[in-house]
Amino acid sequence: YYRDPDYVQPKTVIGPNSLVRSYNTLYAGSQFGSHFNTGHRVTIRELTQIGNHCSVGSYNDIQGTCSIGDYCRFHSYVNIGQGSQIGDFVFIYPYTVLTNDPTPPSEDHVPVTIGSYSQIAAGTVLLPGVQIGRHCLVAAHATVGGIYPDDSFVAGTPAKRIGALSKMPFFNSTKKRHYPWPYHFDRGMPWRKEGYEAWLKKQGQSPKD
């Protein structure tokens with residue numbers, strides 16, 4: 001756009017009931033849904049699409065042409081590589097990096113994909129082309145390459161699939177298996193007053209969708 005005399009600056013759209021804190025830089029052509037919320041010193045590059053009810057923590061760097069669904073939460077110091085595709089209800093914890101260049105430096109960008117409801121724990125590195133399915137958990141400080149199906153628990157450096165997340169011995173304070181987590185966590189979620197299954201039915205979905 002510095003050199004193209006016919007360049008037209010695209011609009012940046014921020015939805016209603018949003019809060020953008022100090023020292024944020026939101027590039028042209030990006031769109032943010034309703035109830036968008038940021039911390040301080042956030043950079044979000046051009047042509048990024050972010051859905052409704054999303055929060056982006058302090059010192060996040062989201063590169064251009066990313067697609068991010070609804071109700072996503074990115075904690076502080078998260079780096080999202082260009083072209084990343086992220087579903088709904090995805091939480092990414094501090095110091096996580098999504099990469100996209102398999103042979104740096106090059107023009108061969110292969111973005112990361114993360115399915116809905118997946119949790120990416122602190123300090124994780126997702127290598128170029130990684131595909132994480134729905135309802136997965138990636139353990140802290142994992143270095144992840146490859147493709148992982150739905151309901152995976154992924155851990156290690158290099159990471160591997162340990163098994164089905166829903167079968168792992170991760171128990172919450174009620175002594176029940178915690179995963180899939182939407183049955184046990186509802187703070188800020190659209191199913192808070194009615195429960196996850198009832199909310200799914202209203203959406204015309206089932207837990208297997």
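User: Two strands pair if DSSP finds at least two bridges between them. In this predicted model, how many bridges join strand E19 to E22?

Analyst: Let's start with the places of the two strands: E19 covers residues 137-138, and E22 covers residues 152-156. They run parallel, and in this pair leucine 137 stands opposite phenylalanine 153. Because two bridges are enough for a pair, E19 and E22 qualify with a bridge count of 2.

User: Do E22 and strand E23 pair in the parallel or antiparallel sense?

Analyst: Strands of a sheet can pair through backbone hydrogen bonds in either sense. Here E22 and E23 (residues 159-164) form a hairpin with 2 residues between them, and serine 152 stands opposite alanine 164. Their 5 bridges are in the sense called antiparallel.

User: Is strand E22 mostly covered, or mostly open, and how many of its residues are buried?

Analyst: Buried means under 20% relative accessible area. E22 spans residues 152-156, and it is mostly covered. Of its 5 residues, the number buried is 4.

User: Which are the edge strands of the open sheet?

Analyst: The sheet has 8 strands in the order E4-E7-E10-E13-E16-E19-E22-E23, with mixed pairing. An edge strand here pairs on one side only. Reading off the two ends of the order gives strand E4 (37-38) and E23.

User: Which residue in E13 does arginine 73 stand opposite?

Analyst: Strand E10 covers residues 73-74, and E13 covers 91-92. The two strands pair in the parallel sense over 2 bridges. In E13, the residue opposite arginine 73 is phenylalanine 91.

User: How many residues are in the largest nonpolar core?

Analyst: In soluble globular proteins, nonpolar side chains tend to be buried together. In this model, Ile62, Phe74, Ile80, Ile86, Ile92, Ile114 and Val144 touch the most other members of the largest core. A second, separate core of 17 residues includes Tyr71, Leu137, Ala155 and Leu200. The largest core has a residue count of 31.

User: How far apart in space are aspartate 88 and glycine 115, C-alpha to C-alpha?

Analyst: Aspartate 88 lies in the loop between strand E12 (85-86) and strand E13. It is partly exposed at 29% relative accessibility, and its contacts beyond four places in sequence include Cys72 and Ser116. Glycine 115 is 27 residues away in sequence, but the C-alpha distance in space is 7.4 Å.

User: Which residue is joined to proline 180 by a cis peptide bond?

Analyst: Most peptide bonds are trans. Proline 180 is in the loop between E23 and helix H1 (196-202). Another cis bond joins proline 104 and proline 105, with omega about -10°. For proline 180, omega is about 5°, and the cis partner is tyrosine 179.

User: What is the phi of tyrosine 71?

Analyst: Most residues other than glycine have a negative phi. Tyrosine 71, in the loop between strand E9 (67-68) and E10, has a positive phi although it is not a glycine. It is buried, with a relative accessible area of 15%. Its phi is about 55°.

User: Which residue's side chain makes a polar contact with that of tyrosine 7?

Analyst: Tyrosine 7 lies in the segment before strand E1 (13-14). It is partly exposed, with a relative accessible area of 33%. Its side chain makes a polar contact of 2.7 Å with that of glutamine 9.

Technical notes
Residues are numbered from 1 along each chain as its sequence is written. This is a predicted model: local features need pLDDT of at least 70, side-chain atom pairs count only at pLDDT 80 or more; totals for chains, interfaces and linings use all residues. Side-chain values use heavy atoms; hydrogens and water are left out. Buried means under 20% relative accessible area, exposed over 50%, partly exposed in between (1.4 Å probe, protein chains only). A polar contact is a pair of N or O atoms within 3.5 Å; within protein, one must be able to donate a hydrogen and the other to accept it, and residues adjacent in sequence count only if both atoms are side-chain atoms. Contact means heavy atoms within 4.5 Å. A nonpolar core is a set of buried Ala, Val, Leu, Ile, Met, Phe, Trp, Tyr and Cys residues joined through side-chain atoms within 4.5 Å.
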